[in-house]
Amino acid sequence: MPSPTAATPPPAAVRSAEAIESLGIEPARLPRHIAIIMDGNGRWATAKGLTRSDGHREGAKTVRAVVTECARLGLDALTLYSFSTENWSRSPDEVNTLMGLYVEYLAAELPTMLDNNVRFRQIGRREGLPDEVLRRLDQATQATADNTGLTLVLAINYGARTEITDAVRALARQVRDGSLDPEAITADDIAAHLYTAGLPDPDLLIRTAGERRLSNYLLWQVSYAELCTVDACWPDFGVDELHAALRDFAARHRKFGKEQ
Ligand code: IPE
Ligand code: IPE
Ligand code: MG
């Protein structure tokens with residue numbers, strides 16, 4: 001086999017190991033899956049005398065930077081909470097801005113996702129989302145389906161209680177049809193019917209803007225995630241803050257119920 005020339009880039013796994021080590025973290029101590037509650041767009045904007053919509057627009061720039069860095073580091077998955085089932089109770093103006101931003105973001109970022117070998121998927125109920133948002137979500141999902149790098153999961157019209165309700169309904173239908181014995185249902189069966197089926201559970205959950213609550217996010221999946229709250233509002237969160245959270249995570253001792 002010919003030896004690689006100076007112009008041949010090293011394989012992705014080698015590149016990401018170098019990128020991680022340059023942060024002072026052993027690759028084995030990196031999370032496989034990070035979940036983020038992107039909070040504080042509104043507060044960020046209000047503090048600057050801007051509109052909440054300006055805050056969401058600025059927040060989209062942070063998404064771009066964080067996704068690119070997670071792909072570069074070779075993480076398996078990044079799940080971003082972008083719109084909860086409770087966020088429909090905001091003003092129609094704000095909801096419309098957000099829906100418009102999802103359309104814009106998905107269209108603008110598709111080439112970058114393809115360049116970075118990112119596989120896209122959505123979690124949340126489809127019912128209720130505008131057709132144009134659904135069309136862009138489907139387009140990004142299909143166009144990136146064969147990518148093998150970071151899985152980027154956008155939680156949109158997502159609520160963990162709705163997700164668990166949908167899973168219970170699906171299992172109940174199987175019991176009714178006689179294809180499932182209620183006594184045989186396991187935790188794995190429940191996980192397999194959640195929107196996140198097939199993804200590893202998040203190892204690290206980051207919430208910005210200093211809040212310390214879950215707000216109906218991934219209630220089943222974060223059972224053993226390490227929690228990290230960051231004071232910065234989402235538009236002020238960046239690659240440096242992400243690296244700080246990764247270093248914090250790498251220093252944690254995860255016990256999973258064991259004695260040490
Ligand atoms: C997060 O920022 C974005 C969404 C929930 C859509 P917020 O809009 O919740 O910002 P704050 O919490 O009001 O500052
Ligand atoms: C959680 O943030 C939802 C998203 C980040 C999309 P919220 O701002 O809606 O949560 P609460 O209302 O502060 O709990
Ligand atoms: Mg908020």
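How far is a polar side-chain atom of Arg 213 from an oxygen atom of ligand 2? I looked this up before anything else. The distance is 2.9 Å. I am working from a predicted model, so I note every value as computed.

**Entry: ligand 2, contacts**

I went on to the other polar contacts of ligand 2. Asn 87 places a polar side-chain atom 2.9 Å from a ligand 2 oxygen. For Arg 207, I read 3.4 Å between a polar side-chain atom and an oxygen of ligand 2. I then checked cover. Ligand 2 has 400 Å² of accessible area on its own, and the protein covers 77% of it.

**Entry: ligand 2, shell**

I listed the residues around ligand 2. Among them are Ile 37, Tyr 81, Ser 82, Phe 83 and Ser 215. Met 38, Asp 39 and Arg 90 are also in that list. I sorted the shell by type and got four nonpolar, three polar and four charged residues. Which element gives the largest share of this shell? I found strand 2, residues 77-84, with three residues. Ligand 2 sits in the largest pocket.

**Entry: ligand 1, contacts**

I turned to ligand 1. I found 13 residues around it, the closest being Met 38, Asp 39, Gly 42, Arg 43 and Arg 90. I took three of these for distances. A polar side-chain atom of Arg 90 is 2.6 Å from an oxygen of ligand 1. The Arg 43 contact uses the backbone: a polar atom there lies 2.7 Å from a ligand 1 oxygen. Asp 39 has a side-chain N or O atom 2.9 Å from an oxygen of ligand 1. On its own, ligand 1 exposes 380 Å², and the protein buries 87% of that.

**Entry: ligand 1, shell**

I checked the pocket for ligand 1 as well. Ligand 1 sits in the largest pocket. By type, I noted two nonpolar, six polar and five charged residues in its shell. Which helices each supply at least two residues of this shell? They are helix 2 (41-47), helix 3 (52-73) and helix 4 (92-115). Helix 2 gives the largest share, three residues.

**Entry: helix 3**

Gly 74 follows helix 3, and its phi is positive, near 80 degrees.

Methods
Residues are numbered from 1 along each chain as its sequence is written. Chains are lettered from A and ligands numbered from 1 in the order in which they are written. This is a predicted model: local features need pLDDT of at least 70, side-chain atom pairs count only at pLDDT 80 or more; totals for chains, interfaces and linings use all residues. Side-chain values use heavy atoms; hydrogens and water are left out. A residue is near a molecule or strand if one of its heavy atoms lies within 4 Å of it. A polar contact is a pair of N or O atoms within 3.5 Å; within protein, one must be able to donate a hydrogen and the other to accept it, and residues adjacent in sequence count only if both atoms are side-chain atoms. Accessible areas come from the Shrake-Rupley method with a 1.4 Å probe; for residues, only the protein chains shown count as cover. On a 1 Å grid over the protein atoms alone, a cavity is a set of points where a 1.4 Å probe fits but cannot get out, and a pocket is an open set with protein on both sides within 12 Å along at least five of seven lines; lining residues have an atom within 4 Å of a point. A molecule sits in a cavity or pocket if more than half of its atoms lie within 2 Å of its grid points. Helices (H or I, at least four residues) and strands (E, at least two) are DSSP runs, numbered from the N terminus. Ala, Val, Leu, Ile, Met, Phe, Trp, Tyr, Cys and Pro count as nonpolar, Asp, Glu, Lys and Arg as charged, and the others, Gly among them, as polar.
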